Amino acid sequence: MTPEENDLLCRVEGDAPMGQIMRRHWVAACLSEELTADGKPIRARVLGEDLVVFRDSKGRVGVLDEYCSHRRASLVYGRNEECGLRCLYHGWKFDVEGNVVDMASEPVDKADPCRVKQKSYPAREAGGFVWTYMGPPEEMPVFEAPAFAPTPDARVSATKVRVRCNWAQILEGQIDSAHSSSLHSSDMVPAQVDGAQATDVNWLRPSTDKAPRFQIERTSYGFRYAAIRRPIMNEATHDYIRTTVYVAPFTALIPPNNVHNVATLLTPEDDETTMFYFIAWNGPDKPGVPPDVWRKFNRLEWGVDVDQNFDNLRNRANDYGQDRVLMKEGNFTGIAGIPNQDIAMWESMGKIGKRSSERMGASDVAVGAFRRLMVDAARTMKETGKAIGTQAPRIPHASISSFEGVVPKTTNWRSLGGGSETAPARAPQSVTA
């Protein structure tokens, strides 16, 4: 990639084309569980803007500019009561839509709430998240629940942690199926099983193959691809297939296991920091996992592994808690938790990686496809104002899913999972030989 292409891919602030694409989609502002009625407002930095998010007395969610339109004091410290957020400095109060409902410091004959409006963005809730739309109002799409919450009763568990690098570095890691056989080899362990299985301490997979073959299918919403490996059992007649799905611009659906489905979601805070959500949810044939168990398994427990601001206590300053003694005893990375292993790699590349200096290999097919897709999308956005994933035809997100399983070699992988635009989705989320 050239430096110019790298900027197109990575920059999200202001008028940057990639940020303008993202503004035309509903973006995650925070987790719903972070908000309580008349409770503490929270900060959210999204696409270079500082926002405050709160739940009012009736349970409605507001997403406002953090800084009061009167004198620009932070509303994060405000009083959240009686269906509005009141600034501590002079008592001006705003409802969830940014309307001024009281101007306590103004004389009665001078107070004119109609002349002021706090900048606000629409908010919706689904899948355990608060979503907001930050693009042109006339282009706001109908809100659609995310692919990891295909039904209203889906049970979603999510970690949350700030990663100090560009959003694209993280996304590339999520769609890079090859790295799991090395970086996560002590947590994703080969075993004689008929499909991926989750235990209390690790994930089992039915293959020792570290060099998968890749096939890619472009779609209107992004792309999906298959990583094809040799299975431990029935190698002559079967393949072990893991399909990963990229739903532009924020979401990746990771191959599932027998307990839960897996996804990742990104909220770019600015060009150089990103809020990362690692998600597990149940399915029709999967029990799922409670949030506290999920966070503990991933070593991203709130107040234990991440602080009150969702900064990781394992970080570059302490080498992510890497244990070299444990490495000598056989642990591949010495870093606890699958996401922490990823974060160490992403942040080690720098705030914005120098992709022009890379030497990519055959295992980087999906990463290359992502870069071409999104650089082209940024150029299209710049030239035409049209954002990827917003144009017809559109596949409903509820029908998009990833897949993993050992299947006969004659199986067309495009028929596995959901979201193909060239083959019908006819298989369940996991099959066995």
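Helices (H or I, at least four residues) and strands (E, at least two) are DSSP runs that are numbered from the N terminus. Residues are numbered from 1 along each chain as its sequence is written, and side-chain values use heavy atoms, with hydrogens and water left out. The model is predicted, and for that reason local features need pLDDT of at least 70 and side-chain atom pairs count only at pLDDT 80 or more, whereas totals for chains, interfaces and linings use all residues.

With these terms in hand, we can begin with the chain as a whole. Its secondary structure comes to seven helices and 24 strands. The radius of gyration, taken over C-alpha atoms, can be set beside a globule rule of 2.2 Å times the number of residues to the power 0.38; for 433 residues a compact globule would have a value near 22 Å, and the 23 Å of the chain agrees with this. Along the principal axes, the C-alpha atoms fill a box of roughly 85 × 50 × 45 Å.

Next comes the way the residues are covered and joined. A residue is called buried under 20% relative accessible area, exposed over 50% and partly exposed in between, with a 1.4 Å probe and protein chains only, and 57% of the 433 residues count as buried. If contact means heavy atoms within 4.5 Å, then among contacts between residues at least 6 apart in sequence, 62% join residues at least 24 apart.

We can now turn to one residue and the sheet around it. Met-103 has its place in strand E8, which covers residues 100-103, and Met-103 is buried, because its relative accessible area is 4%. Two strands pair if DSSP finds at least two bridges between them, and E8 belongs to an open sheet of four strands in the order E5-E6-E7-E8, with antiparallel pairing. Strand E5 (79-80) and E8 stand at the edges with a single partner strand each, so one side of each is left without a neighbour in the sheet. Within this sheet, two bridges join E5 to the antiparallel strand E6 (residues 85-86), and Arg-79 stands opposite Arg-86 in E6.

Another pairing can be followed in E10 and E11. Strand E10 (residues 123-126) runs antiparallel to strand E11 (residues 129-133), and four bridges join the two; here Ala-123 stands opposite Thr-132 in E11. The hairpin of E10 and E11 has two residues between the strands, and in this hairpin Gly-127 takes a positive phi near 65 degrees.
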